[in-house]
Amino acid sequence: MPTRKPHMGKGGLAKISFGFFGIQIGFVLQNSNMSRIFQTVGASLDDLPALWVAAPLTGLIVQPIVGHLSDKTWNRFGRRRPYFTTGAVLAALSLFLMPFAPLFAAPLLFAAALLWVLDASLNIAMEPFRAFVGDMLDKSQHATGYAVQTAFIGAGAVVAAIFPWLLEQFGVSNVAAAGEIPDTVRWSFWAGAAALLFAVMWTVFTTKEYSPEEQAAFASADGAAEESLHAPAKLAEAGQGPSMAWIALGSGVAGATWAWGLEKELYLLGALLAAYGLLRGIGIVLAKGGRETGMLASIVGDFSGMPDLMKRLALVQFFSWSALFIMWIYSGPIVSQYFFGSADPTTVAYNEGANWWNVIYTVQNGVAAVAALVLLPFMAKRLGKVVTHMTCLLLGSLGFLAYFVLRDPNLLIVAEVLKGIAWASILAMPYAILASSLPQAKLGIYMGLFNVFIVVPQLLVATVMGTVMKAFFPEEPVWTMLFAAGSWTLAAFAMLRLRGRVPG
């Protein structure tokens with residue numbers, strides 16, 4: 001048996017990532033239309049962050065669990081592919097049911113609950129795909145593999161974002177009566193369900209995973225990687241002081257929310273902080289009792305024992321994804337209100353604005369698909385991965401600032417080009433930097449834990465941004481773009497902490 005994984009050609013690279021084309025269709029239909037659906041069935045602008053909290057919360061719970069389980073799974077269907085299949089089927093069903101929300105007695109509650117199921121299902125399918133690239137490719141091809149994956153992500157996003165607008169061009173109604181979802185959105189969700197299922201199953205049926213024995217033979221004796229394999233065992237040596245501190249912090253947030261009459265979403269933030277402290281404490285008790293191989297102790301131990309490079313990248317991810325979640329929640333309403341002159345979801349102008357957001361969001365994702373294959377490799381070769389990612393994030397910051405100062409909707413295309421370059425780098429560069437430093441046996445759990453730093457900032461935005469907006473900028477959501485620009489700027493400067501630690 002060869003000591004390195006065989007080099008994979010273009011066809012193989014496409015097969016292992018094609019499923020992400022479908023998964024991204026699901027994510028973009030969710031991200032670009034759920035605020036519109038929520039407002040259609042009765043939500044106010046102030047309600048949106050609380051309703052959106054379902055998405056990051058499910059990711060926070062699901063991704064580490066799925067990563068841990070997929071590392072330990074091997075059956076006749078494979079290691080990661082059972083999770084692709086399960087997530088795709090559930091996500092497709094959720095997409096199919098979403099347009100029926102207005103038919104239920106409590107349509108807003110139904111839509112919020114279905115968003116929870118949809119996001120959980122997409123995360124079940126998505127998280128193993130990140131590890132799948134590492135499973136199937138030699139370290140020398142990791143950067144190429146994640147670039148191809150990013151290209152499929154961009155392509156899927158283009159299809160999903162443009163579809164409502166295309167349907168309108170062919171005569172499908174983009175306006176509906178109060179409380180009803182427009183036909184353009186209905187048919188987009190139904191077509192997206194079919195596309196998601198087809199793309200994921202294509203990867204499932206056209207790829208064959210390496211067996212645990214083959215993976216063990218391929219694994220190199222890397223000292224740093226081997227060290228991280230024993231992180232859960234080291235949990236038994238940890239003290240409970242930090243656990244109590246997290247519980248106290250969470251209790252303090254909840255107490256301040258009650259005492260000062262803050263937005264109720266902050267109770268969730270306090271509960272999550274306290275819950276992490278409690279779970280950490282339980283994990284330590286289990287580890288001290290010799291049960292460090294259990295799922296809870298293992299996940300907590302791996303989180304505490306993350307490689308140093310991963311910790312440094314985590315800060316970059318935190319600020320990067322804070323801005324993205326702001327974008328997904330507020331961009332549609334901002335375009336409608338400031339560029340088309342209406343904040344009323346029943347008006348033609350509002351829905352024209354919502355569709356224009358879909359169009360320019362398509363530009364962003366199209367640029368990302370091209371940049372991942374052409375621009376990023378060119379920049380990385382000449383500037384290195386660290387400077388490349390910094391540059392792309394700063395360009396994206398200018399894109400957010402453009403929303404704050406422009407009022408011609410056509411000029412927003414320029415803003416989306418800049419944001420598209422940053423989006424490509426966010427999807428490819430951190431994973432290219434990280435993948436080769438992780439132990440193969442724990443690739444799933446570490447990818448899941450790395451994605452926690454995608455989810456946590458989204459939870460903070462969902463719980464805190466509504467409070468900030470209501471207190472300082474009521475009915476003026478355009479100010480969120482200033483927050484987003486600042487967040488990507490901070491992410492860019494956080495990359496300085498990686499200088500000298502990343503080859504290339």
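Guide: The largest cavity has a volume of about 290 Å³, where a cavity is a set of points on a 1 Å grid over the protein atoms alone at which a 1.4 Å probe fits but cannot get out, and lining residues have an atom within 4 Å of a point. Grid points are joined across faces, edges and corners, and a volume is the space filled by probe spheres set on the points. This is a predicted model, in which local features need pLDDT of at least 70 and side-chain atom pairs count only at pLDDT 80 or more, while totals for chains, interfaces and linings use all residues. Residues are numbered from 1 along each chain as its sequence is written, and side-chain values use heavy atoms, with hydrogens and water left out.

Visitor: Which residues lie nearest the centre of that largest cavity?

Guide: Of its 24 lining residues, F27, M126, W321, W328 and Q458 lie nearest the centre of the largest cavity. Helix α1 (10–40) gives the most to this lining, with five residues; helices are DSSP runs of H or I with at least four residues, numbered from the N terminus.

Visitor: And how much space is in the largest pocket?

Guide: The largest pocket holds about 790 Å³, a pocket being an open set of points with protein on both sides within 12 Å along at least five of seven lines. Its lining comprises 26 residues, with L60, L272, Y276, V452 and V456 nearest the centre. Among the elements that give two or more residues to the lining are α3 (54–71), α12 (265–288) and α20 (452–472), and α12 supplies the largest share, six residues.

Visitor: Switching to charges: how many salt bridges are there?

Guide: The count comes to eight, taking a salt bridge as a side-chain nitrogen of Lys or Arg within 4 Å of a carboxyl oxygen of Asp or Glu. Four residues, D71, R79, R80 and D135, are linked in a network of salt bridges. Within that group, R80 meets D71 at 3.1 Å, N to O, and D135 pairs with R79, their closest N and O atoms being 3.3 Å apart. Since D135 lies in helix α5 and R79 in the loop between α3 and α4 (81–97), the latter pair ties together parts that are 56 residues apart in sequence.

Visitor: Are those side chains buried or exposed?

Guide: D135 and R79 are both buried, meaning under 20% relative accessible area, with exposed being over 50% and partly exposed in between (1.4 Å probe, protein chains only). R80 is also buried, at 0%, as is D71, at 13%.

Visitor: What does R81 pair with?

Guide: R81 forms a salt bridge with E209, with the closest N and O atoms 3.4 Å apart. This pair links distant parts of the chain, 128 residues apart, with R81 in helix α4 and E209 in the loop between α7 (183–206) and α8 (212–218). Both count as buried, R81 having a relative accessible area of 13% and E209 one of 5%.

Visitor: Last topic, then: which residues does L393 touch?

Guide: Leaving aside residues up to four places away in sequence, L393 touches V316, S320, A422, I426, W488, A491 and A492, with contact meaning heavy atoms within 4.5 Å. L393 sits in helix α17 and is buried, because its relative accessibility is 0%. L398 is also placed in α17 (residues 385–405), but is partly exposed at 47%.
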